[in-house]
Amino acid sequence: MLQSASHADHFHDYASTERDEAFATNGMAAPYRAIIEALNQSSPSELRARQQRLDRAAAELGIQFALPGERNRNGIDWKLDLFPRVLSAEDWDLIARGVIQRAEAFNAYISDLYHEQKILSERVLPFELPLCDPAFQRSFSGIDAPGGRYCLTGAFDLIRMPDGEWQVLENQLATPIGVSYILQNRRLLAQCFPELFATMDVAPVASFSTYLAEALRAQSDSANPNIVLLTRGENDQTFFEEGFLARHMGIAVVRPGDLLVRDSRVYLKTIRGLERVDIIYRRVESASVDPIATPGTGFTGVPGLVNVVRKGNVAIVNSLGSGVADNRAILRYSDRIVGYYTGHRALLPTAPTYHLSDPDQRDFVAENHENMILKPVQDHESLRQRLGWKGMLDTPADVQRLAKRHPEYCVAQPIIAPSQLPRYSGGNFAPHTVFMRAFFILGDEPMVLPGGLTRQTSKQHKPGRLSISAEGMKDTWVPAHAVLERDVQISPEDTGERISIGSRTAEALYWAGRYLNRAENTARQFYTLENLRWDQLGLMDQKAYWPLMQAVAAATGQQKFAKRKRPPRDTLKFSTQLVLDPMESASVNACIRSAQYNLGSVRGSISPECWQTLRELVIYLDGQSRARNSRACLRESSEQVVSEVARFQGVAERTMLHDDAWQFYRIGGFLERALGALYLLEVALPRAAETYRAEDEESTDLTALLRLTGSLDAYRREFRSRAYLDRVARLLLLSPNNPSSVNFCLRNARYCLGTLNTTGERSIGLRIQTEVDALIACLESLPISRMFPSPVPGLDAGGTPDEPARVQPDDVRDQLNALTKEVEALHEKIEDVFFSHQHVYARAPTLFEG
Amino acid sequence: MRFHVTHTTQYEYAAPASESFAELRVWPIDTNGQKVIHRELVIEPEVRADHYVDYFGNHVEFFSIPFRHSEVRVKSLAEVETFPNQPRPSILGTPVGEARQIYNSKLFKLFEYLQPTELVPLMPVRKGIRKCFFHESDEIGPALVRLNEWIFKRFDYKPGTTDISTPLTEVIKNKRGVCQDFAHLMLAILRNHGLPARYVSGYIEAFDPEKTDPNLIGAAASHAWVEVFLPGGFWWGLDPTNNQVAGERHVKVAVGRDYNDVAPMRGTYKGALDQRLQVMVSLKRTLASTL
């Protein structure tokens, strides 16, 4: 039997309306003919399989960019429809020209508003609309943008009306989201349905990020400017978009805390020192960049940054305050604004918008409220701050409340019925309303991203920011011949090389290392004591328990117990505070949480496995701290912490990149362990020395000390004898092989410091290495023999059997105190040199030039 | 009159601070009423300060301290000559109604001096003070002086009872505060009545060496008063704390919509929250003016 080519008709029952772009009343629209033909080549099951492939690929992206350890729960619910949107060459020509025209007009508007305000003095629009806008900040007045480019890049939300007219629904010039989705959607559709692309020569979208990088670079006079992307780095959508753009442009993603202002310049804190920043690609709202320039906003920001911009020593893109162009209150006057600044009629008209502070317009809106959608004038946080608005502004009901209380901060737009397109769902195509966000760059040669972010929604357009997750998207095609070929010099620069490891990453890992070791240390000491209390000390020695407990409390920073002479009546309460209380800053639980906090802040730099391991421990401790307190529960919790932290160390060792950031994790761990040992020895050794009799058979104190530090086994192997004070001191202070000894930890920290790639021109790390060397030398030259005269002369050290020298507890205490201070100072130096750059070593020679 | 002004601000931190940045507005401005003859800024620890002029015309200095420090001391020294500078009586005689019409004709330039701000909300005054201070036919000058006096008499000067975070509602309720509260209160009343007004920070000579008047208030620290925009463009200074028209004994430092625009020192640092702030202001008349 002859098999005919399968030819399905998926659109047989398609219920097209008058506003359908693909099926007008008189049949198939020209641009879609080939697409529909290509889709009809596939059988229904094939189509279903294609959409499934698309969904799977999209879901993987969602997982990939979800937060580590949290799977898809808070990840991106990415939906891409297999039916693309196709724009005709005529439509695209109009859109491209119209977008550039409008972008240039609003660019001029932003500049005017922050300088002479000619448009206001000439009364082209009511002055109170821009002047009351929370995005308008006096502290940004008079600041010039390089090349007069206030909105270097931005977007407009467009709709296509049933009669084919394109309108602008909203301006998105401050920090619009979407470019990464456009680029990614194209890639996904091309992978999952390559046949579709045979129907048309589609203009590529991928070069947009290259153009953007070029345009950013052009904002500085420097030959190879240092560009960073400034983010707050919280929400998943922006997390994906920012990471994507930064990777594609080869620039670093930074948070406000990564930047530092000095002498009217802004620097990026890296472990190699301060790197001057030339251009900041801003993805946070203007009011949050500098707490000095915009006080009372509650953001940390980068203190002094606005003054650096004012001095022309850094360019911020888009310029500070460019959000004034997004003010929905001025939408009504957009066509006038375009006319005023360009001298031409607006190519793309603006959708009707009503402002509620105008009585006539408000009446009109009230009469037609069923067909209107209310929106606040700005989506920014600053609107809520300006009004002291406690609630959210996310739902229509919220905005309704806002409109009642503060009509001057609300606009209304008629509910519109823009064009529709077929959407594939459940094996069928059904019409869905579509909106499009078109992106532009106002570089030397202005350009519009060919296509745009088309999202489909079954409901009306929503107030508030674009939400990717709630709606499906369409790849958007522009015929290649409709796009002017630009002769771009894409120089494949290896920009990755210049991104040094940020101080914040290093610092977070350093602290994670410290907190985990502190938790492990406290947990081990606690359960060792608990065990000792019953099996080692015997009932008569219960009073010996408290001094040891005090030593542990002191070592873990619980100062209020360190000074008590007697044990508290309720030792269970005390023990709970030591182990499980999350509010007690030195408790095991609190330390684990601090480690989680630190690692969570640099989630991009740690492996998902690590995160998972730590999360499990946190969840376990949460459960334990809610359970009824008992000694057994505390003992179990602390044993679990010791083994889980060990597991974490193993997982980290195996799954994390052993780069410089990793070394800081190790340095933190070793330093913490050295300090933990010292804090314990400071209290325990002088006390042991006071009661020490060499001829005693067994010193319970010393054995306990060895067990507390996890060194009992090491001692037995090394000395094969009962515990002698001098030997214990040697093992815990000096042994190069005992992982719990101070010397071991310092030597390892020194080794890690030595591997850091921080040499180069500034060599800032060299001096600190010398200092650690000196510290180790100082430790190794401790007069142990004098401090702890050996009872077995000739075996370990000098001394004569005739006159057994006495141990001087005060001398021991002084020596150890001095040593502890040195190690603590080492922490401060590491912090100054690598993290906060406050130390004189961190001063680059060029930093203070005039 | 000629004055030597010394304005010292000193922060002591419980633990060493790092990453300090601060912005200062302690450089007196040049106006028709005063001329700065000499100005000097001393920062300890010694760091370089940069400078710009802000939107309101104030001199702003800023600096960062790139190393650990447990103390910052900023000393602003200035020699300022002040001159008698009062509006013509005919302007003070303008009826309020007419003045409002004049304001309306250039409303967009004056707009921000009529708007509520974070520190000058209009609601508390609308609710708490029902009195109408300005009738259409009132002469603007005397009406302003009456308001100045009303605040002076109605409110108690009680240092330490309020700080910059005390809302206006509370000042109105308790009828007490310090100079910046009275300035904010007066601004709110004026703006509610449609009269454009701005906040002034500066210094005042408390003790007149040539007279035996009682001492004036506000000399130990920065002082604050208000300026009202009069028809014709004159910003007229009124000091409700001292029931006076601002004159030769007032030295003007900065102007703005409220305290936030003129804060003498605003900064951030990293370190322990525990800090001690000390501000010392001295204003001494020199005899040079008689020469």
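Helices (H or I, at least four residues) and strands (E, at least two) are DSSP runs, numbered from the N terminus. This is a predicted model: local features need pLDDT of at least 70, and side-chain atom pairs count only at pLDDT 80 or more, while totals for chains, interfaces and linings use all residues. Residues are numbered from 1 along each chain as its sequence is written, and chains are lettered from A, with ligands numbered from 1, in the order in which they are written. Arg720(A) sits in the loop between helix H23 (712-719) and H24 of chain A.

**Chain A overall**

- Chain A holds 28 helices and 20 strands.
- Of its 850 residues, 49% are buried. Buried means 20 or more other C-beta atoms within 10 Å of the residue's own, exposed means 12 or fewer, and partly exposed lies in between; C-beta atoms are placed from the backbone.
- Take the contacts in chain A between residues at least 6 apart in sequence: 72% of them join residues at least 24 apart. Two residues are in contact if their C-beta atoms, placed from the backbone, lie within 7 Å.

**Helix packing in chain A**

- Helix H21 (residues 660-691) and helix H24 (residues 725-733) of chain A have axes that come within 12 Å and cross at roughly 175°. That makes H21(A) roughly antiparallel to H24(A).
- Axes are lines fitted to C-alpha atoms, for helices over the stretch in contact, and angles run from 0 to 180 degrees between N-to-C directions. Angles under 35 degrees count as roughly parallel, over 145 as roughly antiparallel, 65 to 115 as roughly perpendicular and the rest as oblique.
- H21(A) brings Ala677(A), Leu681(A), Leu685(A), Ala688(A) and Ala689(A) to the contact; H24(A) brings Leu725(A), Ala729(A) and Leu732(A).
- By class, this contact of H21(A) with H24(A) has 8 nonpolar residues, no polar and no charged ones. Ala, Val, Leu, Ile, Met, Phe, Trp, Tyr, Cys and Pro count as nonpolar, Asp, Glu, Lys and Arg as charged, and the others, Gly among them, as polar.

**Strands in chain A**

- Strand S4 (residues 153-160) of chain A is joined to S5(A) by 6 bridges, and the two run antiparallel. Two strands pair if DSSP finds at least two bridges between them.
- Ile159(A) has Gln167(A) in S5(A) as its bridge partner.
- The hairpin of S4(A) and S5(A) has 5 residues between the strands, and Gly164(A) there takes a positive phi near 95°.
- Strand S5 (residues 166-172) of chain A has 6 of its 7 residues buried, so the rest of the structure largely encloses it.
- An open sheet of 4 strands in chain A runs in the order S7-S6-S11-S12, with parallel pairing. Its edge strands are S7 (252-254) and S12 (315-317) of chain A, each pairing on one side only. The twist averages 30° from one strand to the next.
- Strand S11 (residues 279-282) of chain A and S12(A) run parallel, joined by 3 bridges. Ile280(A) is the bridge partner of Ile316(A) in S12(A).

**Backbone points to check**

- Val317(A) and Asn318(A) are joined by a cis peptide bond, with omega about -15°. Asn318(A) lies in the loop between S12 and helix H10 (334-342) of chain A.
- Glu44(B) and Pro45(B) are also joined by a cis peptide bond; here omega is about 0°. Pro45(B) is in the loop between strand S2 (34-44) and S3 of chain B.
- Arg123(A) is not glycine, yet its phi is positive, near 55°. Arg123(A) lies in the loop between helix H4 (118-121) and helix H5 (128-131) of chain A. Arg123(A) is exposed, with 9 other C-beta atoms within 10 Å.
- Arg720(A) has a positive phi near 45°, again in a residue other than glycine. Arg720(A) counts as exposed, with 7 C-beta neighbours inside 10 Å.

**Domains of chain B**

- The domain assignment gives chain B domain 1 (2-82 + 263-290) and domain 2 (89-246). Such bounds come from an automatic or database domain assignment.
- The C-alpha centres of domain 1 and domain 2 of chain B lie 26 Å apart.
- In chain B, 7 residues of domain 1 are in contact with 8 residues of domain 2.
- S14(B) gives the most to the domain 1 side of this contact in chain B, with 4 residues.

**Where the chains meet**

- In this contact, 20 residues of chain B touch 26 residues of chain A.
- S1(B) gives the most to the chain B side, with 4 residues.
- That side of chain B has 8 nonpolar, 4 polar and 8 charged residues.
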